[in-house]
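Hi,

Here is the structure I promised to send over. Have a look first, and then read on for what turned up.

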Amino acid sequence: MMARGTAIDPRRLRLRMVRELAARGITDGRVLEAMSRIPRHLFVPEGLRSRAYEDCPLPIGYGQTISQPSTVALMSQMLETSPGMRVLEVGTGSGYQAAVLAAMGCTVYTVERLKELYQSARALLQQLDLRAIHMQRSDGTLGMPAAAPFDRIIVTAGGPQIPPPLLEQLAVDGIMLIPVGARPRTQRLTRIMRRQGRLCSEDLGPAVFVDLVGDHGW
């Protein structure tokens, strides 16, 4: 619920957001349905909740942001998931992307390095009773080897290279999405696919994400 006394209707704004996403080319019905269900306004600071359904990134503290809805929708669609898949997310942040993937029927393993974000996201995801999300606070560039392999890997921060541990944890026929670039916050969104024992990459265009920090990041 929004703060008492406001005239904002989160459900109405959420449905409008979904209609706009569909008009922009998001065709995966599971993505649209999940984003119509997850209360995005709860994942942003209270003072920004009136802007939660605008198509723009918003600060969530500690130099981090929640990605704009169109980016979340596009990356969720490009992962080409199906219910029951195991997905590794590097960079929990607010927890919104993990919530969307869980609402799509995936089992999500998500890693966050910042203690404050880890704690707040964990509390919110538990409040929403999203039980298919498993969280860990550690260096995301190392992945989560104890739970590997993963059918899909999504990295929501940009680094100078594709971390080798993540490639090792990508399952056969797996797909990874990761922003990569030689300069911070100037990357190319890259899709890595493991096909018949070989890794293939696809450049999906320019992207701007917060920095991927860790042993294999900045």
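This is a predicted model: local features need pLDDT of at least 70, side-chain atom pairs count only at pLDDT 80 or more; totals for chains, interfaces and linings use all residues.

Glu80 has a phi near 55°, which is positive even though the residue is not glycine. With a relative accessible area of 44%, Glu80 is partly exposed.

Tyr62 is another non-glycine residue with positive phi, here near 60°. You'll find Tyr62 in the loop between S1 and strand S2 (64-66). Its relative accessibility is 53%, and the cut-off for exposed is over 50%, so Tyr62 counts as exposed. As background, most residues other than glycine have a negative phi, and most peptide bonds are trans.

On that last point, check the step from Ala148 to Pro149: the peptide bond is cis, with omega near 5°. Pro149 sits in the loop between S5 and strand S6 (150-155).

Now the inside. The largest nonpolar core holds 49 residues, and Met35, Phe43, Tyr96, Val100 and Ile133 have the most contacts within it. Among the elements giving two or more residues to this core are helix H1 (10-23), helix H4 (96-103), helix H5 (115-127) and strand S5 (133-137). H4 is the biggest contributor, with seven residues.

Ile133 is worth a click: beyond its neighbours within four places in sequence, it touches Ala98, Ala99, Ala102, Val108, Thr110 and Leu125. There is also a second, separate core of 18 residues, including Phe150, Val155, Ala157 and Ile178.

Cheers

Key:
Residues are numbered from 1 along each chain as its sequence is written. Side-chain values use heavy atoms; hydrogens and water are left out. A nonpolar core is a set of buried Ala, Val, Leu, Ile, Met, Phe, Trp, Tyr and Cys residues joined through side-chain atoms within 4.5 Å. Buried means under 20% relative accessible area, exposed over 50%, partly exposed in between (1.4 Å probe, protein chains only). Helices (H or I, at least four residues) and strands (E, at least two) are DSSP runs, numbered from the N terminus. Contact means heavy atoms within 4.5 Å.
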